[in-house]
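Subject: Structure for you to look at

Hello,

Here is the structure I said I would pass on.

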Amino acid sequence: MIDDPMIATGSQLSHVYPRGSRVNERGHLEVGGCDALELAREFGTPVYVVAEDDLRARAREFIDALGAQHRDYDVLFASKAFPCTAVYRVLADEGLGCDVASGGELALALRAGCDPRRIYLHGNAKSTAELREALEAGVGQIVLDSLHDCERLAAIAAELDRRQEVLIRVTPGVSGDTHRAISTGQADSKFGFSFDDAREAIERLAGSSHLTLVGVHAHIGSQLFELEPFRAAVHAVAELGEFPVYNLGGGLGAPYTAAQHPPAVADYVETIVTAVHEVLGADKRLLLEPGRALVANSTVTLYAVETVKRNVSTWVAVDGGMSDNLRPMLYGAAYEALIADRPLAVGEERCQIAGKHCESGDVLARDVLLPAPAPGDVLATPATGAYGYALANNYNCVPRPPVVFCREGSARLVVRRETYQDLAARDVLE
Ligand SMILES: Cc1ncc(COP(=O)(O)O)c(C=O)c1O
């Protein structure tokens, strides 16, 4: 366990902000030792600001918790949550393997230097090309998602004369309390094998000359705050028989608002390990694939307030929106906001933080109390590290923001801002 450094002495920033964040001597928000106003000035807005030490600490927390309770394990970064070269590198440096869900994520992970033997390929609709790329790269395990996946991979492995370790992903019929768009463990899911199909796959794979079935995978959903479904999933997969490897996915929730308190990583790991020891045995290789719980709270997005409009509501419109954080529009996800040069000022006005896009639904945070917001203010929304950069897009031809890593007061640009040239880079002109 590491200390609870989320709230710096003397500040009232909640646990939603990156660890080590504080209000500095100038009264400004500080992330990774860097003043948010200076970051906005230097790198422009919007900008994703990542506290590198927060990222590293959370990676170590998973490794330490699992390492303390189980002998044979690996922690994999579910890279869909923040597929950025610098993030792959930092998490690999902390000792994590990684899970990829497409040829693109695989290419990026390899380019970042991730060890292919510790890369796991997922996907409910993997293409022949993606399977071939994974085989050629020598990825550790491919997670099969359907009988078609089995057939296709077996044929490519035969053609390349390779033997590949595989897991089968099952839908254990267990789902947690989360938005239906990110619930995956229920029987009626596009992901994974039903138990009947899984039994057939196990039989087929037993006779395969090119695929070696080593175990089972289950991921029941994302942003889960209860531990019971994780325990239930372990009990459910035990019905399929005994295997050397169990990959129990990700799913642990992250706090987006101060009122949210997900279980501690150590408690989550203990629940899973206890269930594994009870029903599968202590000798199994156990893999976990956290995404959100690793990266969500590492990051704060800084925006500039462009306009403030008062009609029925107070609309504080910023220079980003659904192009850099789609989650509020996809899932109604709640976010907080503060103004970076007066983060502790008591807000009196209930504000709707609107984006700049041509949709009325483009609202980043609702009913946020802000202290006299005005154009030119730098506004910060915390907990944007997971599925923010990952889901970013170019709606309204808005260039995607840069990513800046901050550590001990130094800031380094790890992804530059997109340019108008980038927007046209794929055009093929006569
Ligand atoms: C197979 C798999 N593993 C891991 C994850 C990561 O989930 P989370 O970000 O909730 O930890 C996902 C998310 O969709 C997933 O599909």
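Predicted model: local features only at pLDDT ≥ 70, side-chain atom pairs only at ≥ 80, totals over all residues.

Domains

The chain is divided into two parts: domain 1 covers 22-51 + 296-423, and domain 2 covers 53-293. The C-alpha centres of domain 1 and domain 2 are 31 Å apart. Where they meet, 23 residues of domain 1 are in contact with 21 residues of domain 2. On the domain 1 side, at least two residues each come from strand E4 (47-51), helix H11 (327-331), strand E19 (403-407) and strand E20 (410-415). Which of these gives the most to that side? E19 does, with three residues. Sorted by class, the side of domain 1 that touches domain 2 holds 17 nonpolar, four polar and two charged residues.

Ligand

How many residues surround the ligand? There are 17, and the closest are Ala78, Ser222, Gly250, Gly291 and Arg292. The shell around the ligand is made up of six nonpolar, seven polar and four charged residues.

Helix pairs

The crossing of H8 and H9 is right-handed. On H8 the contact uses Phe230, Arg231, Val234, His235 and Ala238, and on H9 it uses Tyr268, Thr271, Ile272, Ala275, Val276 and Val279. By class, the contact of H8 with H9 has eight nonpolar residues, two polar ones and one charged.

H9 also meets helix H2 (residues 52-69): their axes come within 9 Å and cross at roughly 35 degrees. The crossing of H2 and H9 is right-handed. The H2 residues in the contact are Glu61, Phe62, Ala65, Leu66 and Gln69, while H9 brings Val265, Ala266, Val269, Glu270 and Val273. The contact of H2 with H9 has seven nonpolar, one polar and two charged residues.

The next pair is helix H3 (residues 85-93) and helix H4 (residues 103-112). Their axes come within 9 Å and cross at roughly 60 degrees, so H3 is oblique to H4. The crossing of H3 and H4 is right-handed. Thr85, Tyr88, Arg89 and Ala92 of H3 meet Leu108, Ala109, Arg111 and Ala112 of H4. In the contact of H3 with H4, five residues are nonpolar, one is polar and two are charged.

Backbone details

Is the peptide bond from Thr45 to Pro46 cis or trans? It is cis, with omega near -10 degrees. Pro46 is in the loop between helix H1 (36-43) and E4. E4 is also one of the elements on the side of domain 1 that touches domain 2.

The other detail concerns Asn396. Its phi is near 60 degrees, a positive value in a residue other than glycine. Asn396 is in the loop between strand E18 (378-382) and E19. E19 is the strand that gives the most to the side of domain 1 that touches domain 2.

Regards

Terms used: Residues numbered from 1 in each chain as written. Left-handed = near helix turned anticlockwise from the far one by under 90°. Helix = DSSP H or I, 4+ residues; strand = E, 2+ residues; numbered from the N terminus. Contact = placed C-beta atoms within 7 Å. Nonpolar A, V, L, I, M, F, W, Y, C, P; charged D, E, K, R; others polar. Domains from an automatic or database assignment. Near = placed C-beta within 6 Å. Axes fitted to C-alpha atoms, helices over the stretch in contact; angles between N-to-C directions. Parallel < 35°, antiparallel > 145°, perpendicular 65-115°, else oblique.
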